[in-house]
Amino acid sequence: MFGYVVMLAGILMVFTAYSTHLLSLAVQPRWLVGFTVVLVAVAIAWTGVVIWSFVLVRPPSSDRIGRFLTTALTLALCALIMTPTVYATRLAYLSRDVVNTLFPNATATAPIMAQDPWNGARRVNFLLLGGDAAPNRPGVRTDSMTVASVDTETGATTLFGLPRNLQRVEFAPGPARDQFPYGFTGSGADTPGLLNEIFQYAEDHPEVVPGLERRQRGPALIKQTIGDILGLRVDYYALVDMKGFAEIIDAMGGVKVTIKEPIVYGKYREGLLPAGTRRLSGEEALWYGRSRTNSDDYVRMGRQKCLLNALAKQADPMTVINSFERLAAATKRAISTDLPQDLLPAVIELAQRVKDAKIRSLNFVPPLINTAYPDWSFIRRKVAETLEAGPVTRAGTAAERTPDPETPVNLDATCT
């Protein structure tokens with residue numbers, strides 16, 4: 001019994017001190033299979049030792065009270081061994097299921113270097129898309145588009161936000177540009193030619209991205225297009241369904257943000273998020289990021305960056321472990337991505353560095369740009385200048401940097 005208590009204390013210590021490394025292991029299906037087999041084997045062996053010990057030392061049948069007590073103790077010890085084993089086995093199964101469902105096998109992607117998962121890259125760029133799909137609105141509109149550019153050594157991150165109503169978007173040389181040589185103009189009244197329509201347009205028109213299957217065309221074209229707009233190579237994307245985003249936040253127990261001014265929300269303006277620092281539920285966080293009442297798309301973009309910032313800071317490994325089952329179910333329904341399985345351990349380690357570093361944001365919105373007639377070279381120049389700037393002194397402000405007074409960098413400063 002004493003040995004079991006010591007082992008339990010050791011497990012708790014490992015979970016507390018090495019939770020990031022445990023999460024790295026939890027996203028490797030082969031390790032999970034081996035872990036499950038070993039765990040079950042140890043539990044069965046230990047249970048067998050307990051039962052055999054009971055058989056050897058049990059009181060004679062004439063001592064009914066003694067036999068009852070030893071039997072009850074044996075059953076309790078077996079339950080104490082098997083219950084956490086069953087729970088850990090279930091978590092391993094759920095983790096393996098999520099990884100295999102969401103993330104492509106690395107054999108279908110570029111090889112990942114064992115020593116340096118980022119292949120010597122100083123930065124890695126993730127495209128984060130918020131999809132607004134609904135039964136009465138077929139297709140996916142990427143109303144939230146943010147590139148997170150992460151320093152692979154320090155975790156210092158800059159979020160570049162693009163507005164959904166960006167027009168005359170230029171495509172890279174290829175079939176898409178051949179069809180729209182003067183910028184994307186859509187295909188009629190239902191698609192007037194905004195940036196948030198490109199994902200679904202590629203899905204519906206295979207000729208603009210030949211050689212790719214459905215659910216691959218949209219991600220491929222939007223990654224290439226946004227990368228060209230910003231002058232960056234977009235390495236990976238993740239598309240989050242808005243409703244699923246709310247479920248993920250609920251699974252985490254909510255998200256704490258500071259609301260500068262009261263926000264009216266709801267289809268009929270039936271809700272209100274008061275000003276102040278508070279923990280939002282999934283539904284409240286969704287409206288916090290989507291509401292345009294008494295504001296506009298650009299204010300909403302700033303709030304969306306605040307949510308991403310808050311989630312990155314608050315999604316610590318223990319929170320993820322404690323909410324793992326709910327998070328697994330919500331994640332499978334809400335997220336699609338091209339991040340390969342073999343890169344997941346490196347991403348988890350990088351996410352921990354992001355959590356401990358500063359996150360700043362640059363939104364390309366008026367008056368910084370004209371969304372109807374964007375200056376593409378200006379956007380690329382501002383991205384390069386921002387990434388070359390010195391470290392930030394606090395979230396949302398740049399230090400050791402002198403912006404061009406004629407074209408000030410719009411670093412979002414609404415998050416705390």
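Is Asp297 buried or exposed? Asp297 is buried, with a relative accessible area of 11%. Buried means under 20% relative accessible area, exposed means over 50%, and partly exposed is in between, using a 1.4 Å probe and protein chains only.

Now the ground rules. This is a predicted model, where local features need pLDDT of at least 70, side-chain atom pairs count only at pLDDT 80 or more, and totals for chains, interfaces and linings use all residues. Residues are numbered from 1 along each chain as its sequence is written, and side-chain values use heavy atoms, with hydrogens and water left out.

Back to Asp297. This residue lies in helix H10, residues 297-314. Helices here are DSSP runs of H or I with at least four residues, strands are runs of E with at least two, and both are numbered from the N terminus. What does Asp297 touch, leaving aside its neighbours within four places in sequence? Asp297 is in contact with Arg164 and Arg292. Contact means heavy atoms within 4.5 Å. Val365 is 68 residues away from Asp297 along the chain, yet their C-alpha atoms are separated by 8.9 Å.

Let's step back to the whole chain. The chain has 14 helices and ten strands. It has 416 residues, and 47% of them count as buried. Take contacts between residues at least 6 apart in sequence: 68% of those join residues at least 24 apart.

Next, the strands. Start with S1, residues 123-131. Eight of the nine residues in S1 are buried, so this strand is mostly covered. Which strands pair with S1? One is S2, residues 142-151, antiparallel to S1 over nine bridges. Another is S4, residues 236-241, parallel to S1 over six bridges. Two strands pair if DSSP finds at least two bridges between them. Here is one example from each side. Leu128 has Thr146 in S2 as its bridge partner. Leu127 stands opposite Tyr237 in S4.

Now look at strand S3, residues 157-162, which holds Thr157. Thr157 counts as buried, at 5% relative accessibility. Setting aside neighbours within four places in sequence, Thr157 has contacts that include Ala148, Ser149 and Val150. Val354, Lys358, Ile359 and Arg360 are also among the contacts of Thr157.

On to a helix pair. H8, residues 242-251, packs with H12 at an angle of about 170°, and their axes are 9 Å apart. That makes H8 roughly antiparallel to H12. The axes are lines fitted to C-alpha atoms, for helices over the stretch in contact, and angles run from 0 to 180 degrees between N-to-C directions. Under 35 degrees counts as roughly parallel, over 145 as roughly antiparallel, 65 to 115 as roughly perpendicular, and the rest as oblique. Which residues meet? From H8 they are Gly244, Phe245, Glu247, Ile248, Asp250 and Ala251. From H12 they are Arg326, Leu327, Ala330, Thr331, Arg333 and Ala334. By class, this contact of H8 with H12 has six nonpolar, two polar and four charged residues. Nonpolar means Ala, Val, Leu, Ile, Met, Phe, Trp, Tyr, Cys and Pro; charged means Asp, Glu, Lys and Arg; the others, Gly among them, are polar.

Last topic: charges. Side chains of opposite charge can pair when their charged atoms come close. How many salt bridges does the structure hold? There are seven. A salt bridge is a side-chain nitrogen of Lys or Arg within 4 Å of a carboxyl oxygen of Asp or Glu.

One joins Asp97 and Lys332, at 2.5 Å from N to O. Asp97 sits in helix H4, residues 64-102, and Lys332 in helix H12, residues 324-334. They are 235 residues apart, so this pair links distant parts of the chain. Asp97 is partly exposed at 25%, and Lys332 is partly exposed at 35%.

Another joins Lys223 and Asp338, with the closest N and O atoms 2.6 Å apart. Lys223 lies in helix H7 (217-230) and Asp338 in the loop between strand S9 (335-337) and helix H13 (344-356), so the bridge ties together parts 115 residues apart in sequence. Lys223 is buried at 16%, while Asp338 is partly exposed at 21%.

Finally, Glu385 and Arg381 form a salt bridge at 3.9 Å between the closest N and O atoms. Both are in helix H14, residues 376-388, four residues apart, so about one helical turn separates them. Arg381, Lys382 and Glu385 are linked in a network of salt bridges.
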